[in-house]
Amino acid sequence: MTTPDVLANALAEKGALPEEWALTIRAVARAAFLPDEIEVGEQRVDRRVEPGRWLAAVYDDVPVTTQVNDGRPTPEGAYRLPTSSSSMPSVMLEMLRLLDVRLGQRVLEAGTGTGYHAAWLCHRLGERNVTSVDIDGSLVEAAGEALAAGGFAPRLGVGDAAAGWAEGAPYDRLIGTYTVPEIPYAWVEQTPGGRIVAPWGGSFFAHSYAVLEVEEERAVGRFAGWPAFMGTRVARPHRGFLGDFYRRGERGEIGRTGIDPRAFAGDADGLFFVGLALPDAWYLLAEAGDGSGEATLWLLADDRRSWATVEYVPGRGEEYEVEQFGARRLWAEAEGAYGEWRAVGAPSRDRVGLTVDRGGQRLWVDTPDNQWHR
């Protein structure tokens, strides 16, 4: 049978099962926290129709989507935006390693989701030390039922997790399970002398964990990992098909660039820095499926009013055609930020730090006095 032991063994073979969490992974059944209908990759799996396939997916080290479009009915062919999931277990463990949670510590989880992660925390720390809050009341209700069935009763709350949960404060650790464009100061206030770990970034580049130590009413730390988490639901930018951002027949201003769009899209450190300048736009590298080797880099504004493309065609030299449409010149913004980053020596992301205080958040390179961006 496929059981928590199967998952634990798979994690152990990958070297992704810390000894202190091994008993928890084997004791808490992931299946108890997932709905009958799930999505794995682009495939939908229904437990009632394919129970064996469902169990195999649940106890594999893969992320599982458990809700799309905030739970609203989604017609066939409509865009499906994942809005809740059970994260990849090895990624959950990576976050817990960064959190460095210890026995006896009190933890606030921002983003309850399925409740599976909260169950891990309860099993290891004791339910009295765990508080979890989510903006989606239906998710909290379902998670609460699953937790209770497993014998766990943490403090659960419904609300915007950006406000933390003052009723249970102070906390020793705070873990975010969704991507935030900035660390809320409420998290800093409610975790005095503690640690905060959360996926961080804007629309353009959101593949970083912020790992912050809190002291003297501010949080300071650096970035780690390359996660891919869902974003906050508060002021969430529009997402959809390419046709929702580009209307056929639109024509923009034509130009040229010396930056290879494929190299640009594959430069994680560069994308991190460009993302600081373009938090309200995103990119997509679309490669031709006809074997030609051609590719188009799309830059798309969150407000759907501006777009840009950079075309790669093999054998056309080292200049690439650019087209920019709308009120903004998105490629000019991205190229400028990319050039600024390269002009100062192309520092890697691991040299970047983040400070959060009452005035907001600011980023710096190497030392806090070498401010890069606020």
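Student: Where is threonine 83 found?

Tutor: In this predicted model, threonine 83 sits in strand S4, residues 82–86.

Student: What makes threonine 83 count as buried?

Tutor: Set its value against the cut-off. Buried means under 20% relative accessible area, and threonine 83 comes out at 9%, so the label is buried.

Student: And what does the side chain of threonine 83 make a polar contact with?

Tutor: With the side chain of glutamine 67, at 2.8 Å. A polar contact needs a pair of N or O atoms within 3.5 Å, and 2.8 Å is within that. The side chain of threonine 83 also reaches the backbone nitrogen of aspartate 70, at 2.9 Å.

Student: Which residues does threonine 83 touch, leaving out those up to four places away in sequence?

Tutor: Gln67, Val68, Asn69, Asp70, Gly71, Met230, Arg233 and Arg236. Some of those names come back in a network of salt bridges, which links Asp70, Arg72, Asp136, Arg233 and Arg236.

Student: How do you know that arginine 329 and glutamate 253 meet in a salt bridge?

Tutor: Look at the N to O distance. The rule asks for a side-chain nitrogen of Lys or Arg within 4 Å of a carboxyl oxygen of Asp or Glu. Here the N to O value is 3.4 Å, so the pair passes.

Student: Why can we say that this pair ties together parts that are apart in sequence?

Tutor: Because arginine 329 lies in the loop between strand S16 (320–325) and helix H10 (330–343), while glutamate 253 is in strand S12 (residues 253–257). The parts they tie together are 76 residues apart in sequence.

Student: Why is arginine 329 called partly exposed?

Tutor: Buried is under 20% and exposed is over 50%, with partly exposed in between. Arginine 329 has 29%, so it falls in the middle class. Glutamate 253, at 46%, is partly exposed as well.

Student: What about aspartate 280 and arginine 328: what makes them a salt bridge?

Tutor: Their side chains meet at 3.2 Å, N to O, and the limit is 4 Å, so they qualify. Aspartate 280 lies in the loop between helix H9 (268–277) and strand S13 (281–287), and arginine 328 in the loop between S16 and H10, so the pair ties together parts 48 residues apart in sequence.

Student: Are aspartate 280 and arginine 328 buried or partly exposed?

Tutor: One of each! Aspartate 280 has a relative accessible area of 33%, which makes it partly exposed. Arginine 328 has 18%, and under 20% means buried.

Student: How many salt bridges does the rule give?

Tutor: The count comes to 25. Another one of them joins glutamate 319 and arginine 256, at 3.7 Å from N to O.

Student: Which residues make the contact between H2 and H5?

Tutor: On H2 they are Glu20, Trp21, Leu23, Thr24, Ile25 and Ala27, and on H5 they are Trp120, Leu121, His123 and Arg124.

How values were computed: Residues numbered from 1 in each chain as written. Predicted model: local features only at pLDDT ≥ 70, side-chain atom pairs only at ≥ 80, totals over all residues. Heavy atoms only, no water. Helix = DSSP H or I, 4+ residues; strand = E, 2+ residues; numbered from the N terminus. Buried < 20%, exposed > 50% of the residue type's maximum accessible area, 1.4 Å probe, protein only. Polar contact = N/O pair within 3.5 Å; in protein donor to acceptor, adjacent residues only side chain to side chain. Contact = heavy atoms within 4.5 Å.
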